[in-house]
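Here's a protein chain to look over, taken one piece at a time.

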Amino acid sequence: DTLFFRGNRPFTAGVDSFAESIYPLPLAIYGAIGDYILKKNDTNLKDFFDKNTNDKTLERYDENLQDTKLKIKGPLLYYDGIVYFFPPANIFKLNGGTFCCYPDASRIVKWDITNQDLHPISLPEPDAKPLTNLLSINEIYKYLKNEWLPSFFEVPKESVVMDELRFGHKLESQTLTVAEGFLYSIQHMRFQEKLEEKFYHKAGLMVAVEGVSDVISDEITIIGGERRMAKIVVKNNFQLPDIKNEIISNFNGKFFIYLATPAIFSEGYKLKLRSSFDDATLVGACVHKPIYISG
C-alpha cells in the first residue's frame with residue numbers, strides 16, 4: 001500500500017481540500033519504531049509518557065531524546081539492495097555536466113542569523129541548477145572521498161518512489177456515511193515494485209536501528225498518517241563500508257559535512273562540531289529552505 005506523512009500545516013476536512021505530504025522526517029520514523037516496541041511489550045503509552053512506568057526495552061522516557069536506548073540512522077530510500085541518498089546541496093548541473101561548488105574565499109557575507117562571517121557558495125554560472133535526482137551510496141562515497149567525476153550517475157526519485165494523489169471523503173461519525181461537501185485529496189508515497197526478468201524489484205525505507213534491534217522482527221506495523229500498514233524486514237547482515245581512512249588520505253585541511261537527513265540545531269543551520277573538530281571553523285554553508293515541524 002501507499003504511505004503518507006503529513007506536513008506541519010493544519011488540515012480540516014471540508015475547510016481544506018488538500019492535505020500536504022512530506023518525505024518522512026527522522027522523528028516520524030523514530031516515533032513509529034518506539035510505538036511498535038511499546039505495543040510489543042504491552043507498555044501503557046500514557047504511563048510511559050508520564051514516567052510512571054519503565055518499558056523493559058526502551059527503559060525510561062526522555063522527552064529531550066538525549067538519554068535513550070533507541071537510536072536510528074535514516075530513513076533512507078532503498079531499492080534492490082542499494083541505498084539511495086538525496087543529493088548534497090552544493091552539487092549543481094550545467095550543460096549536462098556536474099559541478100561541486102565551494103565557498104568563494106574572495107567574498108564575505110554578513111548573515112542576519114549569526115555574527116559569523118561566511119563565504120557564499122560560488123556557482124559555475126548563474127544558470128546552473130541544483131542536482132535533484134537521487135545518488136546511490138557509491139556515488140555519495142565518491143563525493144565524500146573527493147573522487148567525483150565530471151558527472152554523477154543519477155537516479156530519478158520516481159524510479160524508487162512516486163507521488164500518488166489519493167482522494168477521500170469525511171464520514172458522518174454516527175452513520176459512517178459520506179458527509180456532503182467534504183471531498184479532499186492527499187499526496188501519498190507509492191514505493192516502486194515490479195516483476196521483471198524473473199526478478200522481483202522492491203523499494204522501501206531503510207533505517208539503521210541501534211540499541212533495541214534484538215526485539216524487532218519481521219512483521220507488520222503501523223506507520224505515518226491514516227495508520228497505514230508497512231512490513232518490517234530485518235537485515236542483520238547489512239553494513240555500510242567504513243571509508244574514514246580513504247577520506248583522511250585525501251584530506252587537505254578542508255572538508256564537507258553532508259547531512260543525509262534533516263537535522264535540528266540550536267542556531268539554525270549552524271551545527272555544533274564534534275570535539276575532534278574543535279579547531280575547525282565553518283567558512284560556508286549550502287542549505288535548503290527550512291522544513292517546519294509540529295506536534
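Of the 295 residues in the chain, 33% are buried. Keep in mind that you're looking at a predicted model. Taken along the principal axes, the box filled by the C-alpha atoms is roughly 70 × 50 × 45 Å. The chain exposes about 19800 Å², and carbon and sulfur atoms supply 52% of that area. What about contacts along the sequence? Take those between residues at least 6 apart: 61% of them join residues at least 24 apart.

Now for the secondary structure. The chain has four helices and 16 strands. Three of the strands make up an open sheet with mixed pairing, in the order E1-E12-E11. Its edges are strand E1 (18-19) and strand E11 (161-171), each of which pairs on one side only. Follow E11 across to strand E12, residues 178-191: the two run antiparallel and are joined by ten bridges. If you'd like one spot to check, find glycine 168, whose bridge partner in E12 is tyrosine 184.

Next, a few places where the backbone is worth a look. Which peptide bond is cis? That's the one from glycine 74 to proline 75, with omega near 10°. You'll find proline 75 in strand E2, which covers residues 71-79.

Is leucine 65 buried or partly exposed? Its relative accessibility is 35%, so leucine 65 counts as partly exposed.

Arginine 227 also has a positive phi, near 50°, and is likewise a residue other than glycine. Look for arginine 227 in the loop between strand E15 (220-223) and strand E16 (228-231). Its relative accessibility is 56%, and because exposed means over 50%, arginine 227 counts as exposed.

Last stop: the surface. Which residues make the nonpolar patch of about 550 Å²? They're Ile248, Phe251, Phe255, Ile257, Leu259 and Phe277. Pick out phenylalanine 277, which lies in the segment after helix H4 (244-249).

Note on methods:
Residues are numbered from 1 along each chain as its sequence is written. This is a predicted model: local features need pLDDT of at least 70, side-chain atom pairs count only at pLDDT 80 or more; totals for chains, interfaces and linings use all residues. Side-chain values use heavy atoms; hydrogens and water are left out. Patches are made of residues with over 30% relative accessible area and no salt bridge: like charges are joined within 9 Å, nonpolar side chains (Val, Leu, Ile, Met, Phe, Trp, Tyr) within 5 Å. Accessible areas come from the Shrake-Rupley method with a 1.4 Å probe; for residues, only the protein chains shown count as cover. A salt bridge is a side-chain nitrogen of Lys or Arg within 4 Å of a carboxyl oxygen of Asp or Glu. Two strands pair if DSSP finds at least two bridges between them. Buried means under 20% relative accessible area, exposed over 50%, partly exposed in between (1.4 Å probe, protein chains only). Contact means heavy atoms within 4.5 Å.
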